[in-house]
Amino acid sequence: MTNPALNSPVGIIAGWGSFPIEVAQAIVREGRDVCCIAIKGHASSELESICSDVHWLGVGKVGGHIRYFRRHGVKQVTMAGKLFKSDILFQGSVWLKHLPDLHAIRTFGPLLFGRKRDARDDRLLLAVTNTYTRSGMEICAATDFAPELLVKHGTLVGKPLTSRAQRDIQMGWLVARQMGGMDIGQSITIKDGTVIAVEAIEGTDACIERTGELCRRGGWTLVKVSKPNQDMRFDVPTIGPQTVQRVAQAGGSVIAIEAGKTIVVDQTQTVADARRLGITIVAMKQSDVATIENETAAANESHVA
């Protein structure tokens with residue numbers, strides 16, 4: 001029996017960047033229509049030339065989002081693209097632009113204004129997911145529709161890693177993984193075993209920029225990994241051409257990401273820019289990091305002996 005949801009339009013809640021565009025294009029290639037909630041101040045107008053219908057709304061209009069998708073018969077919804085959380089949560093003027101409706105207040109109120117406030121990404125996004133589920137819609141991972149965006153294992157571009165870079169990645173991976181488990185951020189920068197900057201609410205781009213200011217010598221590594229129990233429906237680690245350009249401008253030399261759990265948008269351009277700018281991009285697995293750790297320990301024991 002055919003799943004009726006597969007014959008209905010797919011809903012996209014689109015934030016900033018090219019990720020929503022690539023997801024919409026992938027869905028259209030599969031022969032399905034796309035109805036898009038384009039978040040004001042975030043989403044690209046290019047979506048209007050791809051999607052069957054686009055409705056521009058503030059991020060706080062959760063009730064409006066749900067009513068729109070219901071009108072268009074949407075059964076499956078996916079979230080794609082970045083939201084500037086620091087602006088939305090902590091800038092009063094932005095609240096006016098994204099003025100929350102009653103549905104949003106019910107969804108986020110206990111987390112943002114209750115006695116036990118908790119504005120961590122996972123809690124907020126899970127609250128959204130539960131709201132859509134109660135409304136009869138399924139929140140799906142964007143990579144269910146565009147699995148080709150998930151990076152494959154191996155070196156995408158650049159020189160072989162030096163032993164120093166491998167050790168930095170191994171240590172940076174452990175730190176970033178612990179941060180992800182605490183829902184702080186998913187990226188860190190590191191050089192010679194010293195963590196330079198940690199991503200928090202400001203996002204990866206600001207973390208990279210801060211690293212350039214702190215490490216004028218350059219030659220540092222960006223490590224970006226998934227959370228230990230990553231929910232692939234939201235907040236999946238993502239890089240693209242802008243990441244590469246910012247790393248190069250700030251003096252970085254290596255980007256290490258997690259294979260199978262990191263999205264690389266506009267991969268052809270990302271690789272081309274990295275090659276032109278001399279940036280190595282490597283997609284690793286947890287087993288690779290464990291191998292580096294074991295080899296380092298063995299080398300240290302040999303040196304002591």
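Which residue, with a positive phi, follows α2? In this predicted model, helix α2 is followed by G73, whose phi is positive, near 70°; helices (H or I, at least four residues) and strands (E, at least two) are DSSP runs, numbered from the N terminus. Helix α2 spans residues 62-71 and is largely enclosed by the rest of the structure, because seven of its ten residues are buried, that is, under 20% relative accessible area with a 1.4 Å probe and protein chains only. These buried residues are V62, G63, G64, H65, I66, Y68 and F69.

The model is predicted, and local features need pLDDT of at least 70, side-chain atom pairs count only at pLDDT 80 or more, and totals for chains, interfaces and linings use all residues. Residues are numbered from 1 along each chain as its sequence is written, and side-chain values use heavy atoms, with hydrogens and water left out.

Of its 20 lining residues, T162, A165, G219, S253 and V254 are the closest to its centre. At least two lining residues come from each of α8 (163-181), β11 (252-258) and α11 (267-277), and α8 supplies the largest share, three residues.

M182, which is exposed (over 50%) at a relative accessible area of 53%, is found in the loop between α8 and β7 (187-191).

Definitions and conventions
1 Å grid on protein atoms, 1.4 Å probe; cavity = no way out; pocket = protein on both sides within 12 Å on 5 of 7 lines; lining within 4 Å.
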